[in-house]
Amino acid sequence: MSLVVNGEEHTFEVDTRRSLLDLLREELGLTGSKKGCDHGQCGACTILVGGRRIVGCLALAVAHRGAEVVTVEGLAQSPTGLHPVQEAFVEHDALQCGFCTPGQVCSAVGMLDEARAGWPSAVTTDLAAGDIHLDAREIRERMSGNLCRCGAYVNIVAAIEAAR
Ligand code: FES
Ligand code: FES
C-alpha cells in the first residue's frame, strides 16, 4: 500500500493488523505522534488524514490506502519552522511534559478547520448560525478527546483562543 505522509509518497508492505500510528512511528520514524493509551481514549496519537483529525491508534493502516496524512512533523509552515497553532502553544506555555502536545496541536488544527466550516459541537447553541464563535466552552468541548495528564488545560485553551 502507499500513503502520502507530510507531502511525500511512501510505499509499504503492511500486516493487515497494523495501526496507522505504529506504521508512522516504526516504519517512517515519525515519533512525534505519541502512543498513550493505544485504545482511542487519550488523543496523544491524533493526526490529520485527508484534513480531518483521527486517532492513529484505532486506524488500521490498510484502511487508509492512498490517504494524505499529516503528522505534527508536517505542520510547520512559517519561516520560524512552526505552525501558527504551535507558535500559540509556545507563546502561552501550553505544555508541561509535552507528551500530549503533538496530539493537542494536530487536534486543534483539525478542530479550527471544523469550526471554520460551521460544524456545530455538543455545546453549540445556535445550530443554524453557520459562523461558530469559538469561546472557551466550545474549545473545551471540541478538544475533550485530548487528555493532558499534566493539567495544562487552562493554557491550552488560551493558546487555541489566540490561534483561532
Ligand atoms: S494512543 Fe491513541 S488515543 Fe491514546
Ligand atoms: S503536557 Fe504533560 S500530558 Fe500534557
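Q: Arg116: buried or exposed?
A: Exposed, at 57% relative accessibility. The cut-offs are under 20% relative accessible area for buried and over 50% for exposed, with partly exposed in between (1.4 Å probe, protein chains only). This is a predicted model, where local features need pLDDT of at least 70 and side-chain atom pairs count only at pLDDT 80 or more, while totals for chains, interfaces and linings use all residues. Residues are numbered from 1 along each chain as its sequence is written, chains are lettered from A and ligands numbered from 1 in the order in which they are written, and side-chain values use heavy atoms, leaving out hydrogens and water.

Q: What does Arg116 form a salt bridge with?
A: Asp113, with the closest N and O atoms 2.8 Å apart. A salt bridge here is a side-chain nitrogen of Lys or Arg within 4 Å of a carboxyl oxygen of Asp or Glu. Asp113 is partly exposed, at 37%.

Q: How many salt bridges does a search of the whole structure find?
A: Eight. One of them joins Asp22 and Lys35, 2.9 Å from N to O. Asp22 lies in helix α1 (residues 20–27) and Lys35 in the loop between α1 and β3, so this pair ties together parts 13 residues apart in sequence. Asp22 is buried at 15%. Lys35 is partly exposed at 33%.

Q: Which residues are linked in a network?
A: Arg18, Glu26 and Glu27, through salt bridges.

Q: Switching to the sheet. What is the strand order?
A: β2-β1-β5-β3-β4, an open sheet with mixed pairing. Two strands pair if DSSP finds at least two bridges between them.

Q: Which strands stand at the edges?
A: β2 (8–11) and β4 (52–55). Each has a single partner strand, so one side of each is left without a neighbour in the sheet. The twist averages 35 degrees from one strand to the next.

Q: How many bridges join β1 to β2?
A: Four, and the two strands run antiparallel. Ser2 stands opposite Thr11 in β2.

Q: What lies across β3 and β4?
A: Helix α3 (residues 101–116), running at about 40 degrees to β3 (46–49). Axes are lines fitted to C-alpha atoms, for helices over the stretch in contact, and angles run from 0 to 180 degrees between N-to-C directions. Contact means heavy atoms within 4.5 Å.

Q: Last one. Which residues are buried in helix α5?
A: Ile156, Val157, Ala159, Ile160 and Ala163, in a helix spanning residues 153–163. They cover an arc of only 160 degrees around the axis, which puts them on the same side of α5. The arc is that of the directions from the helix axis to the C-beta atoms.

Q: What do the buried residues of α5 pack against?
A: α2 (84–91), α3 and α4 (136–142).
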